[in-house]
Amino acid sequence: MVLKSTSNRWVWILFRLSLTVVLILGVFGLFLWALGKNPLKAFQDTLRLNLLNPRGLSEVVVRMSPLLLTALGVAVPFRAGLINVGAEGQFLMGALLGTWAAFNIAGLPPALHLVLVLLAGMVGGGLWGAVPGALRALGWVNETITTLLLNYLAPLIVGYFVFGPWRAPELAMYPQTPELPVVPYFPVLPGTRLHLGFFLGLFFLGLYAYMTGRSRWGLELRAVGGNPEAARRLGMPVERWLLAAMVLGGALAGLAGVAEVVAIHGRLKMAVSPGYGFMGFLVNWLAFANPLGILIMSFLLAIIASSGFTLQITQRLPYAAVNVLMALILFVVLAKPFRQGVRR
Amino acid sequence: MDEDRLTCESDKTVVCLRGITKRFPGVLANDHVDFQLQSGEIHALLGENGAGKSTLVKILYGFYHADAGEILVHGRPVHIRSPRDARALGLGMVFQGFTLIPAMTVAENVALFQAELPRFFSPRELEQSIRAASDQYGLALDPKAPVWQLSIGEQQRVELLKLLLAGARILIFDEPTKVLVPHEVEALFRVFESLRAQGFSIIFITHKLREALSCADRITVMRQGRVVGTLLARAATEESLLHMMFGEKLPEITRSPGSRAPGEVVLELRDVCTRPVGTAPALDHVNLKVRAGEIVGIAGVSGNGQRELGDVVLGLLRIVRGKKFFLGQDATSWSPRQLVRRGIAFVPEDPLSMAVVPGFSTLENFALMDLQAFSKFLGTVMNWGKVRTFFREGFTKLGLSPLPEPVRASTLSGGNLQRLTLVRELSRPYHLVVGLYPTRGLDVRSANAVRQAFLVAREQGKGVLLISEDLQELFSLCDRVLVIFRGRIVGEFRPEEADLTEVGRLMTGAGVLHGS
Ligand SMILES: Nc1ncnc2c1ncn2[C@@H]1O[C@H](COP(=O)(O)OP(=O)(O)OP(=O)(O)O)[C@@H](O)[C@H]1O
Ligand SMILES: [Mg+2]
């Protein structure tokens with residue numbers, strides 16, 4: 001950042017972030033109140049069960065791990081001026097290719113095998129991002145539409161494998177694969193479900209912050225997003241950047257997918273994602289691609305997602321209530337760019 | 001000035017600004033500005049780039065809010081919080097970028113702007129009222145014409161018509177002549193005069209002293225956020241205005257006449273044709289050579305293929321027939337990236353949309369010139385110290401004062417944006433520089449600095465392709481001038497043997513019928 005008013009800019013960013021947090025909690029409260037529940041009690045319960053108790057907190061962080069990665073998967077293309085709605089599909093394809101690598105690579109030390117499985121997940125997500133990226137770079141189809149459509153295709157492909165060739169014979173009534181052979185080697189904090197995926201998320205968040213803010217590559221990426229016409233006239237390979245941003249974004253979402261399969265479920269099944277890809281989109285829009293914002297907002301959305309279970313028990317709310325809430329937040333968020341446009 | 005202060009409350013003063021002050025982070029854009037506009041006058045606002053002219057009129061029109069000072073309209077103090085307030089007071093502003101919808105007709109565009117348009121209106125009545133207004137003020141507009149077919153000058157007059165029909169009596173123009181060709185400028189000034197005769201008051205900003213002297217009644221000169229003075233146009237001369245604007249005598253441009261023979265060919269277009277895009281003309285068998293140490297000018301009315309010519313040179317527009325050579329190599333199908341790397345510097349006509357990233361600071365924008373050279377360790381670390389050094393050097397070398405580094409490009413004044421682009425492009429290693437209207441929007445001193453920079457480039461043995469509408473500029477700088485009309489090169493001249501009327505005839509297509 002070369003802007004001298006850097007401190008000013010950070011004050012402004014923090015202000016916007018806290019405003020968003022307050023707004024979301026407000027909407028949540030109103031929503032509960034409209035359902036005839038006591039919002040204060042709900043907040044208290046959430047605080048008590050999900051934040052102040054170590055086990056609850058670790059569960060929040062467990063949910064936060066894939067959100068960090070899928071949000072980054074949306075943020076990287078966003079910096080290049082692309083709207084990636086397809087993190088959900090990329091997440092699933094990462095899960096799929098990672099599973100394939102787990103079953104089909106043999107004869108390697110477990111650690112190496114694990115690394116290859118994670119890489120395969122990134123490749124799967126990256127390929128699923130490459131398709132819309134290439135179509136956009138060629139100037140054929142807008143990436144928003146293709147990523148959205150590919151979100152419908154990905155579950156069908158995963159479904160084909162878990163219902164068909166990869167289905168575990170021993171548990172025939174559940175459509176799922178057998179346990180992945182790498183599962184026992186995946187680093188997990190003892191006594192919790194907190195796993196390596198969280199640290200990978202933090203690592204990539206830090207990398208993202210550094211690369212977009214300080215490196216030449218980040219500057220070039222943001223130049224492509226900020227004014228593609230000027231970037232082209234300056235001799236930047238704009239098309240290659242568009243493709244690269246989608247591949248990178250897809251790879252990060254794919255990593256989230258494979259980590260979820262290995263760490264949480266142990267096997268591939270239809271329900272590996274409760275919508276982490278969509279939530280990642282939400283996180284990025286709430287955070288306007290700012291790294292600190294991504295950290296805060298994925299934590300917040302993880303709390304909300306976990307509170308779904310708490311509320312199910314304490315307030316007898318169906319879990320789907322949380323989905324309704326997320327949709328509400330989405331509307332709040334989508335109004336944001338327009339307000340910003342007016343301010344200029 | 002005391003005399004002016006007295007007139008502030010008089011009936012003749014329609015707008016009075018008193019002590020207007022506006023501070024942006026790091027700059028005092030307006031510093032206790034006093035300004036009066038009288039009823040039925042044309043008032044020109046002059047001043048160097050970044051002097052605060054646009055800021056002043058934007059405050060009057062409610063875009064910005066002054067930190068201090070007051071505004072009186074018809075002698076009454078007013079608070080103008082938004083352009084809507086300004087319009088309610090009878091003010092109207094014509095912008096640089098027009099806000100018209102290309103697919104709609106003149107009448108439809110005008111209708112959209114009327115505040116109290118009935119839900120159902122009669123298109124015929126609307127057309128009649130437009131025709132009547134167009135005749136009354138001499139705008140020469142056809143209400144039924146779709147806007148995309150109109151020239152820039154006509155579109156500007158549609159903007160004006162919108163304001164007039166909405167009841168504006170005080171009109172503000174920010175650099176209205178920047179994008180106009182000479183005959184359109186004349187047409188605009190005729191409209192100004194007819195408006196003045198009917199009691200309208202007009203403020204217009206310009207960098208061309210001649211325009212201010214020929215068209216305005218009074219002239220106000222600004223410098224570094226302050227008003228230097230207001231004087232009657234009758235009593236002003238170019239010298240006195242320049243002195244007020246810069247406080248110093250401007251250096252003359254020096255051109256060594258053919259002191260050295262041009263070197264080898266840097267750029268050659270051989271029989272180049274392109275496909276037409278939209279309504280823009282296609283290049284039609286263009287032949288062109290630019291040698292090292294030579295300035296080649298392209299004269300023409302804008303919209304006759306200049307932009308396409310620039311895009312072909314930079315590799316942005318595909319050549320469907322013919323060949324392009326750069327430094328002796330066949331470059332017909334090279335990408336912009338390859339061409340830029342081999343040494344083409346390019347100054348496009350619209351820097352904000354074509355050359356800079358609006359959200360980046362001036363320094364970051366400068367760094368885009370050559371990111372590879374400005375970064376270390378495989379591009380993971382930017383060397384901002386080096387960027388800063390080159391940035392400052394680039395400005396000083398061209399004889400311009402450096403821009404502040406941390407400022408966002410989107411907040412730069414029009415002229416400063418143009419400077420940033422020029423300095424960046426001329427700071428890279430290059431063999432050929434292409435300039436599209438490079439002095440458009442620059443104040444007289446900066447424009448001269450840029451012209452001098454092109455002459456220096458020529459001395460250093462670079463090739464220069466200068467695309468401009470300013471014949472005087474072309475003929476004082478160039479070794480050869482080609483005339484372009486509808487995508488064809490229709491004539492070639494040497495400045496010393498040129499006949500300006502003949503060039504003018506060719507530019508407007510009059511010579512084409514006789515073949516050339
Ligand atoms: N929104 C803004 N934020 C910050 N600085 C600004 C903003 N608008 C203008 N400035 C600064 O205020 C100063 C005056 O700008 P202004 O646009 O009024 O100049 P101008 O006289 O119109 O110049 P030009 O002839 O180049 O158009 C410049 O230094 C400019 O960078
Ligand atoms: Mg201006």
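**A walk through chains A and B**

In chain A, 76% of the contacts with a separation of 6 or more are between residues 24 or more positions apart, where contact means heavy atoms within 4.5 Å. Before going on, note that this is a predicted model, in which local features need pLDDT of at least 70 and side-chain atom pairs count only at pLDDT 80 or more, while totals for chains, interfaces and linings use all residues. Residues are numbered from 1 along each chain as its sequence is written, chains are lettered from A and ligands numbered from 1 in the order in which they are written, and side-chain values use heavy atoms, with hydrogens and water left out.

Let's stay with chain A. It has 14 helices and 0 strands; both kinds of element are DSSP runs numbered from the N terminus, helices being H or I with at least four residues and strands E with at least two. The radius of gyration of chain A is 20 Å, close to the 20 Å that the globule rule gives for 344 residues, so chain A is as compact as a globular protein of that length. (That radius is taken over C-alpha atoms, and the rule is 2.2 Å times the number of residues to the power 0.38.) Its C-alpha atoms fill a box of roughly 60 × 50 × 35 Å along the principal axes. Of the 344 residues in chain A, 53% are buried, meaning under 20% relative accessible area, with exposed being over 50% and partly exposed in between (1.4 Å probe, protein chains only).

Now for the interface. Here 37 residues of chain B are in contact with 26 residues of chain A, and the area buried between the two chains is about 2600 Å², with carbon and sulfur atoms giving 62% of it. Buried area is the accessible area (1.4 Å probe) that two parts lose on being put together, summed over both. On the chain B side, R337(B), L371(B) and P406(B) lose the most area to chain A, together 20% of what that side buries.

There is charge pairing here too: the count between chain B and chain A is 2 salt bridges, each a side-chain nitrogen of Lys or Arg within 4 Å of a carboxyl oxygen of Asp or Glu. In one of them, E364(B) meets R222(A) at 3.9 Å, N to O.

Over all chains, the structure holds 32 salt bridges. Within chain A, E229(A) and R233(A) pair with their closest N and O atoms 2.7 Å apart. They sit 4 residues apart in helix α9 (residues 228–233), about one helical turn. E229(A) is partly exposed at 30% relative accessibility, whereas R233(A) is buried at 6%.

In chain B, E70(B) and R18(B) form a salt bridge at 2.8 Å between the closest N and O atoms. E70(B) lies in strand β4 (residues 68–73) and R18(B) in strand β1 (residues 13–24), so the pair ties together parts that are 52 residues apart in sequence. Further along, R419(B) pairs with D443(B) at 3.9 Å. R419(B) is in helix α15 and D443(B) in the loop between β19 (432–436) and α16 (444–459), so this pair ties together parts 24 residues apart in sequence. Both R419(B) and D443(B) are buried. Finally, salt bridges that share partners join E229(A), R233(A), R307(B) and D311(B) into one network.
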